[in-house]
Amino acid sequence: MTAPFRNFIAGEWVAPTEAVPNVNPSNLTDVVGEYARGGAADVDAAVAAAKAAFPAWSRTVPYARHEILKKVAAEIFARKDELGRLLSREEGKTLAEGIGEVTRAGQIFEFFAAETVRLAGETLPSVRPGVGVEVTREPLGIVGMITPWNFPIAIPAWKIAPALAYGNCIVFKPAELVPGSAHALAEIIVRAGVPAGVFNLVMGKGSTVGQRLLDHPDITAITFTGSVSTGRKVAAAAISGEVMKKVQLEMGGKNPLVVLDDADLPIAVETAVNGAFFSTGQRCTASSRIIVTEGIHDRFVDAVKGRLAQLTVDDALKAGTHIGPVVDESQLDQDMRYIEIGRAEGATLAYGGERLNRESEGFYLSPALFTEATPEMRISREEIFGPVAAVIRVKDYEEALAVSNDTPFGLSSGICTTSLKHATHFKRNADAGMVMVNLPTAGVDFHVPFGGRKGSSYGPREQGSYAREFFTQVKTAYTLA
Ligand code: ADP
């Protein structure tokens with residue numbers, strides 16, 4: 001057996017005392033590798049190294065950081081097919097989706113390479129005579145990063161790239177299910193020349209490695225993407241110490257897609273199927289509530305069912321697969337449980353929702369479409385995080401808008417319409433961080449802010465130049481000339 005993949009701490013690849021297998025959800029006999037399972041002591045060593053590295057790193061000229069990030073981007077682009085394959089193999093999204101995500105990670109590093117030299121401040125006159133005021137941005141210190149399994153390289157990239165660009169040190173804990181992409185990214189970052197201690201990878205469990213990041217007094221800030229229930233714990237723990245940590249949380253969604261009578265039917269069908277079921281529905285921006293007005297409802301449902309029948313659910317790495325497996329057994333159990341709940345609540349399972357057998361043993365589930373769902377049902381309110389969507393029939397636009405906003409979440413809201421009036425009104429009145437018109441609720445650009453409202457997000461936005469709000473802190477300096 002090959003040696004386990006190691007954590008990277010204080011400038012060294014550290015042999016683990018414990019390692020766990022990383023299993024391919026498309027083929028349970030395929031082990032991607034054995035990966036280190038670190039513990040609290042590894043976090044402590046990483047934080048000590050980061051603390052030692054921070055004074056010099058935070059004062060490097062921005063161009064030095066620019067060069068490192070540019071190298072990271074270049075290697076990611078050069079190896080996108082191979083890294084995409086690794087990602088799809090360990091996570092289960094299709095190869096095209098895996099390569100797309102890796103490309104996105106490269107673009108993010110490229111974007112933040114350029115951002116290093118754009119960190120402008122302000123100078124203002126004081127209200128007092130002879131005094132000048134400067135407002136500048138400084139790095140935070142040591143940022144702890146806790147990431148989920150559904151975007152194994154893009155989410156780490158959109159946390160790591162801005163953190164490095166603005167001069168912070170990092171302790172990164174990826175999700176247990178997808179250490180392969182995290183480890184490959186770490187190797188690239190190390191090769192690009194990040195000084196020892198600046199970047200540390202500690203793979204391991206949330207309850208040990210994650211918890212220690214939250215509890216460590218020398219960590220200045222925590223950026224987390226994951227479930228709402230863990231997010232709450234993260235926020236509470238992060239502010240319980242003597243010095244409260246800055247916290248950024250990206251959590252769940254129950255994203256609505258409104259389809260109006262005047263929608264272009266083929267666009268609406270593609271938008272719904274892509275948003276609800278691609279990447280196996282395992283996107284926090286996935287459309288899980290499809291809110292459809294009466295006049296188009298039956299035609300729309302028939303067309304969606306027809307489209308779903310054309311999709312192939314199979315091994316993520318096989319050519320021709322449109323939807324890969326669910327990520328693991330516990331997620332599959334959760335999806336199946338919600339399919340039962342939907343039935344028991346009285347919704348109609350109009351398509352799919354069955355476990356499928358394929359050539360290799362994996363967690364295959366046919367995309368499940370419920371119809372005749374009501375806004376009160378649990379399948380309309382709770383995040384399922386799988387290929388399960390519910391169609392809710394409504395009378396008109398006003399009811400559609402009200403139903404779409406009737407949720408504790410507020411990440412992404414979409415509408416399919418050819419009416420400028422309704423599109424404009426929806427953009428203004430959707431209570432969500434992101435709004436999509438004739439586009440899937442999932443699928444965003446890398447250079448503009450990403451994040452939600454209400455129960456979906458907490459703290460400053462991620463991505464684009466808005467990332468500086470979280471990854472820097474402001475200083476106001478007064479000088480008597
Ligand atoms: P998911 O359903 O996507 O696995 P989680 O919120 O459970 O969502 O996990 C997201 C990340 O949070 C993972 O990296 C996980 O290890 C981590 N995590 C889980 N529990 C804790 C915890 N108590 N403290 C810190 N991190 C945690």
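Modeller: Helices (H or I, at least four residues) and strands (E, at least two) are DSSP runs, numbered from the N terminus. Helix 7, strand 10, helix 8 (228-238) and helix 11 (329-345) each give at least two residues to the lining of the largest pocket. The model is predicted, with local features needing pLDDT of at least 70 and side-chain atom pairs pLDDT 80 or more, while totals for chains, interfaces and linings use all residues. Residues are numbered from 1 along each chain as its sequence is written, and side-chain values use heavy atoms, leaving out hydrogens and water.

Colleague: What makes a space a pocket, and how many residues line the largest pocket?

Modeller: On a 1 Å grid over the protein atoms alone, a pocket is an open set of points with protein on both sides within 12 Å along at least five of seven lines, and lining residues have an atom within 4 Å of a point. The largest pocket has 35 lining residues, and Trp149, Phe224, Gly226, Ser227 and Thr230 lie nearest its centre. It holds about 870 Å³ of space.

Colleague: Where does the ligand sit?

Modeller: The ligand takes the space of the largest pocket; sitting there means that more than half of its atoms lie within 2 Å of the grid points.

Colleague: Which residues are closest to the ligand?

Modeller: Thr147, Lys173, Glu176, Ser227 and Thr230 are the closest of the 17 residues around the ligand, where near means a heavy atom within 4 Å. Helix 7 (206-215) and strand 10 (221-225) each give two or more residues to this shell, and helix 7 gives the most, with 4.

Colleague: How much of the ligand does the protein bury?

Modeller: The ligand alone exposes 550 Å², and the protein buries 80% of that; areas come from the Shrake-Rupley method with a 1.4 Å probe.

Colleague: What makes a space a cavity, and how many of 30 Å³ or more are there?

Modeller: In a cavity, a 1.4 Å probe fits but cannot get out. The search finds 2 cavities of 30 Å³ or more. The largest cavity has a volume of about 90 Å³, with Gly281, Ala286, Ser288, Glu383 and Phe385 nearest its centre among 15 lining residues. The second largest cavity has about 50 Å³; Pro256, Thr407, Phe409, Gly410 and Ser413 lie nearest its centre. Strand 12 (255-259), helix 13 (397-405) and strand 19 (412-416) each give two or more residues to the lining of the second largest cavity.

Notes:
Points joined across faces, edges and corners; volume = space filled by probe spheres on them.
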